[in-house]
Amino acid sequence: MTTARQYDTFSTDYRWLYTDHTLSGKMALDINGDVLALADPKASILDCSCGIGTLAIALAKLEYEVNGSDGSPGMVDQAILAARQAEISFPLKCCVWANLSDHFAKHFDLIFCLGNSIGHVRNKEEMVQSLRGMRHVLRDHGKLVIESINWEQIRKEKTRFTHF
Ligand SMILES: C[S@@+](CC[C@H](N)C(=O)[O-])C[C@H]1O[C@@H](n2cnc3c(N)ncnc32)[C@H](O)[C@@H]1O
């Protein structure tokens with residue numbers, strides 16, 4: 001079973017891992033405020049590990065031209081549900097990074113791959129295929145933002161809780 005598929009098993013409970021602040025997408029918007037400040041207000045953005053739709057929905061509310069994708073059908077279902085509840089509509093597709101160009105014909109100005117999702121690739125070959133897949137749907141001089149969390153460092157610093 002692929003990692004993305006493993007997310008199916010807890011997709012309906014995934015939201016409980018997050019605080020309301022994180023679920024609102026505001027944290028991801030804040031963290032990526034510098035990249036968004038440089039982007040065109042109508043930039044086309046792909047969240048290629050959209051999970052339950054947190055960031056994509058927040059971006060859609062700001063009227064960016066948003067698309068979302070994730071390798072887990074269960075997570076995409078939850079994202080579709082959350083978008084419907086927020087009365088927001090934008091394309092949400094189920095696909096792994098290596099196959100993005102099979103699902104998206106366009107080239108995006110900005111692609112996000114957040115939440116340490118990239119840490120799920122299992123080997124060097126899969127990493128290269130995944131990064132190539134993202135590059136294929138990124139326009140020339142577009143930006144790809146990959147969040148890679150250094151848990152060893154965080155554990156060393158003994159950061160256990162983050163409060164807002
Ligand atoms: C830790 S979650 C992060 C989700 C979201 N970005 C967030 O911050 O809430 C990792 C996500 O990456 C997705 N994922 C893992 N491997 C993937 C792949 N090869 N292609 C597409 N999505 C993948 C999983 O299905 C899961 O939704």
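A word on conventions. Residue numbers start from 1 along each chain as its sequence is written. As the model is predicted, local features need pLDDT of at least 70 and side-chain atom pairs count only at pLDDT 80 or more, while totals for chains, interfaces and linings use all residues.

Now to the sheet. Five strands make an open, parallel sheet in the order β3-β2-β1-β4-β5. Strands (E, at least two residues) and helices (H or I, at least four) are DSSP runs numbered from the N terminus, and two strands pair if DSSP finds at least two bridges between them. At the edges stand β3 (92-94) and β5 (138-146); each has a single partner strand, so one side of each lacks a neighbour in the sheet. From one strand to the next, the twist averages 20°. Strands β1 (residues 44-47) and β2 (residues 65-70) pair in the parallel sense over four bridges, and Ser-44 has Glu-65 as its bridge partner in β2.

Across β2 and β3 lies helix α6 (residues 73-85), running at about 170° to β3. Such angles run from 0 to 180 degrees between N-to-C directions, with axes fitted to C-alpha atoms, for helices over the stretch in contact. Contact means C-beta atoms, placed from the backbone, within 7 Å. The buried residues of α6 are covered by elements including α5 (54-61), β2 and β3. Just after α6, Glu-87 takes a positive phi of about 55°.

Is Ala-28 buried or exposed? Ala-28 is buried, because 20 other C-beta atoms lie within 10 Å; the cut-offs are 20 or more for buried, 12 or fewer for exposed, and partly exposed in between, with C-beta atoms placed from the backbone. Leaving aside neighbours within four places in sequence, its contacts are Thr-54, Leu-55, Ala-58 and Leu-114.

| Pair | Separation along the chain | C-alpha separation |
|---|---|---|
| Ala-28 and Leu-55 | 27 residues | 6.4 Å |

Note on methods. Two residues are in contact if their C-beta atoms, placed from the backbone, lie within 7 Å.
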